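Hi,

Here is the structure I promised to pass on. Have a look at it first, and my notes follow below.

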Amino acid sequence: MRSRRKENHAQCPHPDEPRERAVRGVRSTGRPVAYVARDLGIHKEALRSWVRQVEAHAGERDDRRTTVECDELKELRKENAELRRANEILKAASVSLPRKSPRTSPSR
């Protein structure tokens, strides 16, 4: 899946306000994305992606994750990686520990 837009917008050439206005232009007028994009000087696929993301946030689409879901997935993957590393460390440490022999009960 493609990377999501970052909060600092360093990679994003379109600030939030024009982006929101463009999406509103598609959703409120019902005009085709390509026409609105051409009128605003935005690439039609960029605008189409923005509209799809807004629709996902509104619960109108289930083929895309919301930003909240993406953030949660990112955190879970990070936590999973940390747990895997900790597990590997524990496995390596357990190999070097001496094995305890099973206790035998004293015979009477």
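Accessible areas here come from the Shrake-Rupley method with a 1.4 Å probe, and for residues only the protein chains shown count as cover. On that basis the chain has an accessible surface of about 9400 Å², with 51% of it belonging to carbon and sulfur atoms. Bear in mind that this is a predicted model: local features need pLDDT of at least 70, side-chain atom pairs count only at pLDDT 80 or more, and totals for chains, interfaces and linings use all residues. Residues are numbered from 1 along each chain as its sequence is written, and side-chain values use heavy atoms, with hydrogens and water left out.

Of the 108 residues in the chain, 17% are buried (under 20% relative accessible area, with a 1.4 Å probe and protein chains only). Taking contacts (heavy atoms within 4.5 Å) between residues at least 6 apart in sequence, 36% join residues at least 24 apart.

The chain has four helices and zero strands, counted as DSSP runs (H or I, at least four residues, for helices; E, at least two, for strands) and numbered from the N terminus. Along the sequence that reads α-α-α-α.

Now the helix packing. Axes are lines fitted to C-alpha atoms, for helices over the stretch in contact, and angles run from 0 to 180 degrees between N-to-C directions.

H1 (residues 16-29) and H3 cross at roughly 80 degrees, their axes coming within 9 Å. They are therefore roughly perpendicular to each other (65 to 115 degrees). From H1, the contact uses Arg19, Ala22, Val23, Val26 and Arg27; from H3, Leu47, Trp50, Val51, Val54 and Glu55. That makes seven nonpolar, no polar and three charged residues, where Ala, Val, Leu, Ile, Met, Phe, Trp, Tyr, Cys and Pro count as nonpolar, Asp, Glu, Lys and Arg as charged, and the others, Gly among them, as polar.

Ala22, Gly25 and Val26 of H1 meet Val33, Val36 and Leu40 of H2, giving five nonpolar, one polar and no charged residues.

Cheers

Technical notes
Buried means under 20% relative accessible area, exposed over 50%, partly exposed in between (1.4 Å probe, protein chains only). Angles under 35 degrees count as roughly parallel, over 145 as roughly antiparallel, 65 to 115 as roughly perpendicular and the rest as oblique.
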